[in-house]
Amino acid sequence: MASLFIDEVEVVGIKSHKDKLINWLIEGPSNCMVFSVVGLGGLGKTTLVKKVYDNDKVAPHFDCHAWTTVSQSYKMEELLRDTIKQFYKARKGFAPREIDIMKVPSLIEELRTYLHEQRYLVIFDDIWDTRLWDHLKFAFLDNDRGNRIIITTRNEDVAPSSNESLHYYVYKLPSLPSENALELFCKKAFQREGGQCPPDFVEFSHGIVERCGGLPLAIVAMGGLFSTKAKVVSQWSKVLDSLSSEFETNLRLRSITRILSFSYHDLPYNLKACLLYFGMFPEDCVINCARLTRLWIAEGFVKEKKGLTLEDIAQNYLNQLIHISLVQVDEEDFIGRIRRCRVHDMIHEVILSRELLDASQFRTI
């Protein structure tokens with residue numbers, strides 16, 4: 001995955017957590033172990049686990065592996081089918097066609113049969129339902145081969161409890177320390193300065209980072225917003241004053257949705273419409289960029305500009321949303337062109353809330 005957001009966070013405060021999780025996966029007992037990575041939305045749980053999953057030491061250690069994004073609107077049959085297909089794909093095979101018509105009990109039996117003699121790794125990303133593990137645990141047998149399961153969730157109640165098994169572990173991901181948070185913000189806001197904060201902007205940067213509560217997604221969003229502002233003290237002061245008034249009712253600023261909404265408010269009209277359009281897709285959906293830009297053009301969001309095709313202009317819109325970290329790159333082709341993109345699930349939530357407030361706007365587009 002070629003996510004710009006992941007690359008930025010990689011060098012800012014993630015390495016120690018990554019190394020610890022990798023060690024847990026490839027070392028330790030032969031029993032099946034379940035690790036739950038728990039933390040606030042926007043804290044970087046998926047980023048961390050994806051870096052672990054893609055590590056060169058991890059994949060060769062297991063016979064097969066699968067990554068399944070769950071989200072709030074999951075369907076058990078689809079979740080199990082997708083997991084089975086990924087296991088087969090990891091070993092360059094094809095899943096039996098019959099699984100497409102199987103119900104949950106048969107799919108669980110299919111998984112158990114396939115994994116009987118395999119050392120497997122499976123990730124269940126973004127679990128919300130406290131009952132899900134009660135169903136999943138029957139599908140993943142312990143064959144004493146060192147199997148590993150990782151769950152990410154915002155809610156610790158979702159995580160399998162260590163009271164149930166000595167091989168269930170909860171890893172609480174902390175917020176970024178202030179030093180790392182400032183470094184991440186400066187990498188994004190001062191790209192032309194090589195990530196170095198000019199002396200006149202140190203106080204401003206500390207104030208912005210403090211309002212982000214150590215949440216990487218919020219920090220990157222704010223860094224993206226301020227990267228588009230001229231490096232003029234009076235302009236930054238004006239934006240920071242607006243940001244402060246926006247959050248007077250929430251001094252701790254743990255509500256990342258407020259920060260992301262502020263980034264939305266700062267967008268020009270055409271980019272607001274393009275960002276809101278992501279709400280037409282399901283949560284955690286990976287979107288083909290060529291299809292997306294064609295849809296923007298068809299909706300009339302893309303305005304003509306002399307010397308450029310509508311396709312070029314739409315691609316520029318998408319690049320701008322990526323630059324300010326409201327959209328993430330999911331896949332690039334071999335020459336670096338963006339093929340697929342997505343929005344973070346918390347940004348998706350903000351988009352849906354904005355759609356409710358701006359429904360009249362959409363009717364007039």
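Which residue of S8 is the bridge partner of Asn288? Before selecting anything, note that this is a predicted model, in which local features need pLDDT of at least 70, side-chain atom pairs count only at pLDDT 80 or more, and totals for chains, interfaces and linings use all residues. Residues are numbered from 1 along each chain as its sequence is written, and side-chain values use heavy atoms, with hydrogens and water left out.

Select Asn288 and then Arg340, its bridge partner in S8. S6 and S8 pair in the antiparallel sense over two bridges, where pairing requires at least two DSSP bridges between the strands, and strands are DSSP runs (E, at least two residues) numbered from the N terminus.

Next, show helices H12 (residues 269-276) and H14 (residues 310-323), which pack at an angle of about 80 degrees with their axes 10 Å apart; helices are DSSP runs of H or I, at least four residues, and axes are lines fitted to C-alpha atoms over the stretch in contact, with angles running from 0 to 180 degrees between N-to-C directions. That angle makes H12 roughly perpendicular to H14, a term covering 65 to 115 degrees. Asn270, Leu271, Cys274 and Leu275 of H12 make the contact with Tyr317, Gln320 and Leu321 of H14, contact meaning heavy atoms within 4.5 Å.

Terms used
Angles under 35 degrees count as roughly parallel, over 145 as roughly antiparallel, 65 to 115 as roughly perpendicular and the rest as oblique.
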